[in-house]
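Notebook open, model loaded. Today I want to go through a sheet, strand by strand.

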Amino acid sequence: THSLTHTHPHILWCTHRMPLSFSFLTFSLKGLIHLVSAQVKMNISNIATCCEGQGTRLLGRLPEFVYSVMPSNGSVFLNLYTASNFTWQRQQHISPARHHGQQGGIWRIGVSTLWPLDGEVQVELAGPTAAEAGVAAGAANFTVALRMPSWVVGTEINVTISDASDPTGAGTESVRGLPGTYLYLTRAWPSRTLISFTLSAAWRVTPYVGRTELPVPGLSRLRYALRRGPVLLALTGPWDPSLQCMQLHLPPGTTPMAPDQWLVGIPNHPLHFAVKGNPDFIFKPYFQVQEEFFEVYPVITQ
């Protein structure tokens, strides 16, 4: 994010839809022209670095890391939360005594969520049908490992597990995951299971420690980046050419380290926030910035 601090807002990125609801970013020729003209007009020397190109490459590969499978026992890991589906082949155990308890065949896992715009997550795990398995469909014993992100609010994540084939809900179970770890669920999974939880993102504020200095001595020490969970927010609004940045003046009694004191959510616009006392500015997700002027490390003063 440091290298993107002074990126001109007219960098035009082309957003493409990935199979797993991810987007990757690619420079356009028009955006490159804007970069050069911005460097001349705004007298900014660190306009772009290799981070933009390598970051683009990484974003394009993110779908590869959503799921992973342990080949030795067919256990599955869910690492990233995005609307997606994954199918994998579990090996059939040959022991007659454990045949039905260690069902192989094709298993499917899917995630339904609008994250990061909404924190509700539902995971559906489905085993092979009788036709696919060639035997009576039964439970299979293996591990489903769910990543519990470190950026959630609180010290626990409540996870609900239910047998989707039981309309009474008698077998519903609640467990707790610890942020910053994986929740390992090892059991005999029925033919269809639903796992539900909510990821409530906490505010994270990062003071600027980069090498770039603003024209006013000491002003760089008053710059802060805001994240809601892992999502970087960009401040959009009027650019101050004399300071080469954007500047917010917070209401009395508030502090930059506590965004809840001075940000107000905008109805019907998830992750968009108005700034108290600064009507010309709005924070929005960095990935939603288009052609407006923006700043990810604005100067925030009290």
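Before starting, a cut-off for myself: I call a residue buried when its relative accessible area is under 20%. Also noted: this is a predicted model.

Entry: burial of β8. I looked up strand β8, residues 140-148. Seven of its nine residues are buried, so β8 is largely enclosed by the rest of the structure.

Entry: the sheet. Which strands are in it, and in what order? I get four, running β3-β4-β8-β11 in an open sheet. The pairing is mixed. β3 (67-70) and β11 (181-189) are the edge strands; each has a single partner strand, so one side of each is left without a neighbour in the sheet. From one strand to the next, the twist averages 20°.

Entry: β8 with β11. How many bridges hold this pair? I find nine, and the sense is antiparallel. Two positions I jotted down: A145 stands opposite Y184 in β11, and R147 has Y182 of β11 as its bridge partner.

Entry: β8 with β4. Parallel or antiparallel here? β4 (residues 75-78) runs parallel to β8, and three bridges join them. I checked F77 too: its bridge partner in β8 is A145.

Notes: Residues are numbered from 1 along each chain as its sequence is written. This is a predicted model: local features need pLDDT of at least 70, side-chain atom pairs count only at pLDDT 80 or more; totals for chains, interfaces and linings use all residues. Side-chain values use heavy atoms; hydrogens and water are left out. Two strands pair if DSSP finds at least two bridges between them. Axes are lines fitted to C-alpha atoms, for helices over the stretch in contact, and angles run from 0 to 180 degrees between N-to-C directions. Buried means under 20% relative accessible area, exposed over 50%, partly exposed in between (1.4 Å probe, protein chains only).
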